Amino acid sequence: MSKKVAVFRKESFNAAHRLFNPDWDDARNEKVFGKCALPNYHGHNYDLIVKVVGKPDRQTGYVMDMKVLSDLIKAEVLERLDHRNLNMDVPEFKDLNPTAENIAVVIYKILRPLIDEKLDMQVRLYETPRNFVEYPVD
Ligand code: NI
């Protein structure tokens, strides 16, 4: 019998990006990425939900202290991404298209080493209220 419980922490950040493939010409970029390929960037209000799964600790009853999780997300993710131009200001996206998919993977790679390895972790990122991604997929 599994007694695992999932806990979630939601944070948000604002960031600008441009989606394009440098190997393609402008016409092909515009065809694939539409307005997201416009050269002068555009912004999104991202909602980030970090899910942590594990058995509640016997002494605290917590899977993970949510204050600790919130502080980690703020210090390690929001400090790097909030109010940034992802293409220009965030080294991870120097050669990586800052799609919601790739942003979720980058956030996961930042947080995963900082969270107890006994706990499973997943990132859900909303680029708009209707468009969102999850990583990793189980
Ligand atoms: Ni966009």
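This is a predicted model: local features need pLDDT of at least 70, side-chain atom pairs count only at pLDDT 80 or more; totals for chains, interfaces and linings use all residues.
**Exercise 1. The histidines at the metal**

*Solution.* Start with His42, whose relative accessibility is 22%. Buried means under 20% and exposed means over 50%, with partly exposed in between. His42 therefore counts as partly exposed. Now take His44: its relative accessibility is 14%, so His44 counts as buried.

Next, look at what these side chains hold. The nickel ion has His17, His42 and His44 as its protein donors, each through its NE2 atom, at 2.0 to 2.1 Å. Finally, read along the chain: the donors follow the spacing H-x24-H-x1-H.

**Exercise 2. Around Asn85**

Find out where Asn85 sits and which residues it touches.

*Solution.* First, locate the residue: Asn85 belongs to strand β3, which covers residues 84-85. Second, check its accessibility. Asn85 has a relative accessible area of 12%, so it is buried. Third, list its neighbours, leaving out residues up to four places away in sequence: Asn85 touches Ala16, Tyr41 and Val90. Last, turn to the polar side: a polar atom of the Asn85 side chain lies 3.0 Å from the backbone nitrogen of Met88.

**Exercise 3. Drawing the sheet**

Work out the order of the strands in the open sheet and name the edge strands.

*Solution.* Write down the five strands in order: β3-β1-β2-β4-β5, with mixed pairing. The edges are β3 and β5, since each pairs on one side only. Strands of a sheet pair through backbone hydrogen bonds, either parallel or antiparallel. Now zoom in on β4 and β5: they run antiparallel and are joined by four bridges. Here you can find Leu125 opposite Val133 of β5.

Helix α2 lies across β1, β2 and β3, at about 20° to β1. Helix α4 lies across β1, β2, β4 and β5, at about 145° to β4.

**Exercise 4. A closer look at α4**

How far does helix α4 reach, and what do its buried residues pack against?

*Solution.* Begin with the length: α4 spans residues 100-111, and its 12 residues reach 16 Å from the first C-alpha to the last, close to the 16 Å expected. Next, pick out the buried residues, among them Ile103, Ala104, Ile107 and Leu111. An α-helix has 3.6 residues a turn, so residues three or four places apart point the same way. To finish, trace the partners: the buried residues of α4 pack against β1, β2, α2, α3, β4 and β5.

How values were computed: Residues are numbered from 1 along each chain as its sequence is written. Side-chain values use heavy atoms; hydrogens and water are left out. Helices (H or I, at least four residues) and strands (E, at least two) are DSSP runs, numbered from the N terminus. Buried means under 20% relative accessible area, exposed over 50%, partly exposed in between (1.4 Å probe, protein chains only). A polar contact is a pair of N or O atoms within 3.5 Å; within protein, one must be able to donate a hydrogen and the other to accept it, and residues adjacent in sequence count only if both atoms are side-chain atoms. Contact means heavy atoms within 4.5 Å. Donors are N, O and S atoms within 2.8 Å of the metal (3.2 Å for Na, K and Ca); water is not among the atoms, so sites may look incomplete. The expected span of a helix is 1.5 Å times one less than its number of residues. Two strands pair if DSSP finds at least two bridges between them. Axes are lines fitted to C-alpha atoms, for helices over the stretch in contact, and angles run from 0 to 180 degrees between N-to-C directions.
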